[in-house]
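Dear colleague,

I am handing over the structure below, and I would be grateful if you kept it open while you read my notes.

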Amino acid sequence: MGLSNVVNMCSHLQNASRARLGLTSVPHTKYNLSVALALHRAGFLSFVTRGGRYPPDPATISTFEPEPLTTANVAKQRLWVGLKYNPGNGGEPVMRYITPITTPKRPITAKLNALERLARGFDAHPHRGLNLGESLIVGTSLGTLEVREAIERKVGGILLCRVGP
């Protein structure tokens with residue numbers, strides 16, 4: 001169930017970015033949260049916060065305090081994410097595309113040497129190397145990391161999605 005949530009989140013974020021939305025929400029699951037935080041650390045999202053059905057006020061997002069999780073409201077919780085746009089480039093989205101690599105029926109894993117080749121821009125069959133500005137999100141035993149973080153920590157893992165400008 002977790003990988004299908006990540007695939008749906010990828011398509012939702014790409015559609016929201018193409019529609020030039022500043023704020024969007026995805027279901028609150030641990031997989032969506034880990035991918036959203038990895039995208040935030042990589043610089044593709046401006047913020048990630050938990051909330052209810054209605055979005056938090058953008059003016060007070062830095063001081064927003066979500067209601068505590070209980071068994072009564074856990075199913076209604078959403079992750080609210082802020083999308084980034086380049087002001088000097090005509091408002092082009094920072095995250096132009098986000099494509100899932102792993103699907104629920106076909107998980108794709110990569111060892112450390114394959115991740116190093118991909119990060120340097122070389123092909124590692126069957127995947128293309130990264131171009132300038134691109135990033136891979138990798139699910140590892142240490143959590144969900146960007147490919148360069150995974151190489152620093154010397155771990156391989158499951159390739160979740162590819163993100164680029």
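Ser17 is buried, with a relative accessible area of 2%, where buried means under 20% relative accessible area, exposed over 50% and partly exposed in between, with a 1.4 Å probe and protein chains only. Its place is in helix H1; helices (H or I, at least four residues) and strands (E, at least two) are DSSP runs, numbered from the N terminus. Not counting residues up to four places away in sequence, Ser17 touches Leu83, Tyr85, Pro93, Met95 and Arg96, a contact being heavy atoms within 4.5 Å.

Please keep in mind that this is a predicted model, in which local features need pLDDT of at least 70 and side-chain atom pairs count only at pLDDT 80 or more, while totals for chains, interfaces and linings use all residues. Residues are numbered from 1 along each chain as its sequence is written, and side-chain values use heavy atoms, with hydrogens and water left out.

The largest nonpolar core has 22 residues, and those with the most contacts inside it include Leu13, Leu39, Met95 and Val163; such a core is a set of buried Ala, Val, Leu, Ile, Met, Phe, Trp, Tyr and Cys residues joined through side-chain atoms within 4.5 Å. Two or more residues of this core come from each of helix H1 (2-18), helix H2 (30-42), strand E3 (78-83) and strand E10 (157-164), and H1 gives the largest share, five residues. Apart from its neighbours within four places in sequence, Val163 is in contact with a set of residues that includes Leu39, Phe44, Met95 and Ile137. There is also a second, separate core of 15 residues, among them Ile101, Leu130, Val155 and Leu159.

Turning to helix H2, the residues Asn32, Val35, Ala36, Ala38 and Leu39 are buried there. Seen down the axis of H2, its buried residues fall within an arc of 160° (taken from the directions from the helix axis to the C-beta atoms), so they line one face of the helix. Just after H2, Gly43 takes a positive phi of about 95°.

Finally, Glu146, whose place is in strand E9 (residues 143-146), is buried as well, with a relative accessible area of 9%. The side chains of Glu146 and Ser135 are joined by a polar contact of 2.7 Å, which is a pair of N or O atoms within 3.5 Å; within protein, one must be able to donate a hydrogen and the other to accept it, and residues adjacent in sequence count only if both atoms are side-chain atoms.

With best wishes
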